[in-house]
Structure formats: C-alpha cells, structure tokens
Amino acid sequence: MIALSARALVTGAFTIALSTPAVGALAASATSPDQPSPQTQKDLQQSMRGEAYANATYRLYAAQAQRENLPSVARLFERTADVELGEHFREAAELSGLVGGDAENLRAAVAGETYESRQMYPGFARQAKADGDDRAAARFSEAARDEGRHARAFGVALHAVESGQGTVPKPPKADAVQVPQGKPQVHARQTETDLDTAMHGEALAYAKYRQYAEHAKNPAVAKLFRGTSDVELHEHFAGEAKLAGLVGSTHANLTKAIAGEQYESRTMYPAFAKRAEAAGDTRAAERFANNAEDEAGHARAFQQALDQLPEQGS
C-alpha cells in the first residue's frame, strides 16, 4: 500500500456499506469463536480500505510508468496491485464476512450510494464551491448524480431479487478519465481532504462490488455490480485523482509507495497481528503477519526499481 492508505479513515457511505454485512458478525462474536472480535473487525476494515486504495493507485502509477517508457516498473506496479486486491483485500473480506447473499449485498450498496448521493457528495460540492474550487465542486456534483442513479438501480435489482418480479437493470458504462502526471488542481485544504476521503471510498466501492459480483448467484446482479465498480474506479476515482494531483513522476510514485509499504510492514500490520493474537483471532493474526511480510517484499521491490531509475527530479 501507500502512505495515505494507512491514515485515511473512510466515513459516511463507505463505512455504512462496508459494515452492513459485518453487523451480524459483530453481534455473533460473543457466541461464535469463528467471528473476529470487534477490534479485529475494525482492523480488517482498515486493511480493506488501504488495500483497495493501493490497488487503484498503483494502477495509475503503472500507467504513468508506461508513459515514461518504463515497462518493467509498470509491470511491477500492476503485479503489486493484483496482490493488494486479489489476495490481501479478498482474504480480509472473507475474514470480516463482507459478502452476503445477493439481497444483502444490494441493500448494503443502496445504503452507501444513497448516503453519497444525498449527503456526502453534495456537502463536498458546497464546501468546494465556497472555497473557490469550482472544478472539484463540479466533479463532486457529478458524482452525486451518478451515485443517485446507482442507488436507484440497486434498489430495482433488490426488488427483482426479493420479489421475483421485474428485471435487474443493465450495468452503467464508465466514462474513463485519464490521469497523467500533474499537480493538484485545488487549493483549499478542505477540498484536498474531501478528495482524499472520496478517493478512498471509490476505491473501496470498486473492490467491494467486484467481490459482490464474483459471489453473486444472479448473473444480472453480477453484471450490475461489475459495471458499477468500473464507474467507481475508472470515472470517479480517476477524476478525483486527477484533481488531487495523485500521480507524479515514476520517481516520486515509487518513493511514496516505498514509504507506505514500509509503514504497513513495520508498524501497521504487526500491530494488527498482535491485537488479533491477543483476542484469539488466530486466522486474522496469521493473515496480518503474512501481509506484513508481503508489504516488506513490495517495499524492497519498489526500492530496487527506484535505484535502477536514471537520475531525475522527483
């Protein structure tokens, strides 16, 4: 992962949508030894937020490395992104009980998208407008409209699944945004904070919806989740990343990646493992310890790639 992922706490819609399937798990923890403790659940959720964000960010870094004619670095970022999503996020999701049945997953999605469309993004847009960050205000407003459409589509799908009547809507199509190297296009500190929150949430939504799609019993529901996940990643996350100036030179991107991976391998995941072990959550403790080893390996690989780059400004 990267440094931002370790400290960013996703609130609002993303917490609601992520925690909905875990409510039962938390309630059952007192009677079932298979359910993680509340603290382990919290650590698993923070892990998922960070891994999802790392996956999304590293894919943008890979594209930048390709633009700089550094294909080996691009492949390194892509491989690492695959591990963050396909192993770390997936395994934390399993341990946390993230995925339920189709109806349960759709209800969680409706709750999250409704919050984003009615409260979070409109609030971000008003604040950005007041601070003179008009482009961010427009981006937030557009995202609010999109999330409203997503909420309605998920609601229709939920009715179809529960009642057996009607049809699941067709998936939306993403209007992909390219994110080249660039400086932040906003100036207000609050706008920067809101963009960071939004990016973490969109990355999480992408990862979560991909898991929902993979486990969906209804093929049309799976398609809806996959199509929506593409909008969250390639349109919302990317558009916000462009405004935030998330992508720098490959030298700068590697430097940020190294710092984040070192923090997680040396501090965050060892602390998670220690707490999980103390709570008797052996499987989670083992997973956190394995993640720490993986992240240390990622840091070393990124450092080697950085050392091999031609001398350049960061």
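Good morning. From the N terminus on, the elements of this chain run α-α-α-α-α-α-α-α-α-α-α. The secondary structure therefore amounts to eleven helices and zero strands. Please bear in mind throughout that the model is a predicted one.

Let me begin with the chain as a whole. It has 314 residues, and 54% of them count as buried. The chain exposes about 13600 Å², of which carbon and sulfur atoms supply 50%. As for the contacts with a separation of 6 or more, residues 24 or more positions apart account for 83% of them.

I turn now to the helix pairs.

The opening pair is α6, residues 102-130, and α7, residues 134-163. Their axes come within 8 Å and cross at roughly 160°. Because an angle over 145 degrees counts as roughly antiparallel, α6 is roughly antiparallel to α7. In passing α7, helix α6 makes a left-handed crossing. What classes of residue make up the contact of α6 with α7? There are 19 nonpolar residues, together with six polar and eight charged.

The next pair is α4 and α8. Helix α4 covers residues 38-67, and helix α8 covers residues 189-215. The axes of α4 and α8 also come within 8 Å, and they cross at roughly 90°. That angle makes α4 roughly perpendicular to α8. On the α4 side, the contact is made by M48, R49, A52, Y53, N55 and A56. On the α8 side, the contributors are D196, M199, H200, A203, L204, Y206 and A207. By class, this contact of α4 with α8 has nine nonpolar, two polar and two charged residues.

For the last pair, we look at α5, residues 71-96, and α10, residues 250-278. These two helices pack at an angle of about 30°, and their axes are 12 Å apart. The crossing of α5 and α10 is left-handed. From α5, the residues V73, F77, T80 and E84 meet T250, N253, L254, A257 and E261 of α10. The contact of α5 with α10 divides into four nonpolar, three polar and two charged residues.

Q41 lies in helix α4. Is Q41 buried or exposed? Its relative accessible area is 1%, so Q41 is buried. Between Q41 and L95 there are 54 positions in sequence, yet the C-alpha atoms of Q41 and L95 are 8.5 Å apart in space.

N69 sits in the loop between α4 and α5. Phi of N69 is near 60°, a positive value in a residue other than glycine. With a relative accessibility of 64%, N69 counts as exposed.

R189, finally, belongs to helix α8. R189 is exposed, as its relative accessible area is 65%.

Thank you for your attention.

Notes. Residues are numbered from 1 along each chain as its sequence is written. This is a predicted model: local features need pLDDT of at least 70, side-chain atom pairs count only at pLDDT 80 or more; totals for chains, interfaces and linings use all residues. Side-chain values use heavy atoms; hydrogens and water are left out. Axes are lines fitted to C-alpha atoms, for helices over the stretch in contact, and angles run from 0 to 180 degrees between N-to-C directions. Helices (H or I, at least four residues) and strands (E, at least two) are DSSP runs, numbered from the N terminus. Angles under 35 degrees count as roughly parallel, over 145 as roughly antiparallel, 65 to 115 as roughly perpendicular and the rest as oblique. A crossing is left-handed if the near helix is turned anticlockwise from the far one by less than a right angle, and right-handed if clockwise. Ala, Val, Leu, Ile, Met, Phe, Trp, Tyr, Cys and Pro count as nonpolar, Asp, Glu, Lys and Arg as charged, and the others, Gly among them, as polar. Buried means under 20% relative accessible area, exposed over 50%, partly exposed in between (1.4 Å probe, protein chains only). Contact means heavy atoms within 4.5 Å. Accessible areas come from the Shrake-Rupley method with a 1.4 Å probe; for residues, only the protein chains shown count as cover.
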